[in-house]
Amino acid sequence: AAGGAALAAYAVCARVQTFVSMPQTGITQGAQPIVSFNAGRRQFARVRRTRTLALSATVVYGAAAAGVVALAAHPIAAAFLTSPDDIAFTVDALRIIATGFVFAGVAPLVSAYFQALVSPASSYLISVGTLLLLKVPLVLLLGALGPVGIWIALPAGEALAATAAIAVFAWRASA
């Protein structure tokens with residue numbers, strides 16, 4: 001029964017996560033050409049301001065989305081599922097996964113920032129490197145604990161990816 005409940009929870013969480021991430025994707029896609037244009041014009045104060053505003057916007061939005069999803073986890077789960085056991089399992093999963101929404105927009109935004117500045121190695125390191133070196137190993141490691149381990153690994157992976165992205169940015173800024 002836990003297998004079916006876990007599968008149902010994953011399906012709901014994946015849909016919610018896709019929906020929640022859309023504005024963060026929009027922030028990233030909106031900031032990228034602004035950064036590129038202003039970097040090309042050598043208007044670096046505007047580049048920094050755009051980066052600061054975009055990072056702030058994605059984190060604030062992510063925190064608000066996390067709060068809404070955590071508070072509304074039961075109605076969200078009940079909109080998709082009918083079994084009380086599946087709903088209860090999904091509510092727990094949604095609340096755990098929601099914590100990652102705060103950080104979810106940071107790594108893609110910093111990766112796009114490096115793309116806009118024509119720094120493909122840094123962008124690739126963040127986009128592919130965090131997936132292969134942080135997120136997948138974390139899911140494999142914590143997945144051994146069962147479904148709850150996977151739920152914990154997902155937001156932990158987002159937090160680690162955000163931290164790694166900021167570290168790459170700081171490293172590149174000091175170089």
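Modeller: First, the classes: Ala, Val, Leu, Ile, Met, Phe, Trp, Tyr, Cys and Pro count as nonpolar, Asp, Glu, Lys and Arg as charged, and the others, Gly among them, as polar. By that scheme, the lining of the largest pocket has 8 nonpolar, 9 polar and 2 charged residues. This is a predicted model, where local features need pLDDT of at least 70 and side-chain atom pairs pLDDT 80 or more, while totals for chains, interfaces and linings use all residues. Residues are numbered from 1 along each chain as its sequence is written, and side-chain values use heavy atoms, leaving out hydrogens and water.

Now the pocket itself, which has a volume of about 290 Å³ (the space filled by probe spheres set on the grid points, which are joined across faces, edges and corners). A pocket here is an open set of points on a 1 Å grid where a 1.4 Å probe fits, with protein on both sides within 12 Å along at least five of seven lines, and lining residues have an atom within 4 Å of a point. There are 19 lining residues, and A104, A107, P108, K135 and E158 are the closest to the pocket's centre. Two or more residues each come from α1 (2-40), α5 (101-104), α6 (106-116), α7 (120-143) and α8 (147-174). The largest share, 6 residues, belongs to α7. The chain has 8 helices and 0 strands (DSSP runs, H or I of at least four residues for helices and E of at least two for strands, numbered from the N terminus).

Phe, Tyr and Trp rings (the six-membered one for Trp) pair if their centres lie within 6.5 Å; planes under 30 degrees apart are stacked, over 60 edge-to-face, and the rest tilted. The whole structure holds 3 aromatic pairs. In one of them, Y113 and F169 sit edge-to-face, 5.8 Å centre to centre with 70 degrees between the planes. That pair ties helix α6 to helix α8 across 56 residues. F114 and F169 have centres 6.4 Å apart and planes at 45 degrees, so that pair is tilted. Ring pairs link Y113, F114 and F169 into a cluster.

How covered are these rings? Buried means under 20% relative accessible area, exposed over 50%, partly exposed in between (1.4 Å probe, protein chains only). Y113 is buried at 10%, F114 is buried at 4%, and F169 is partly exposed at 22%.
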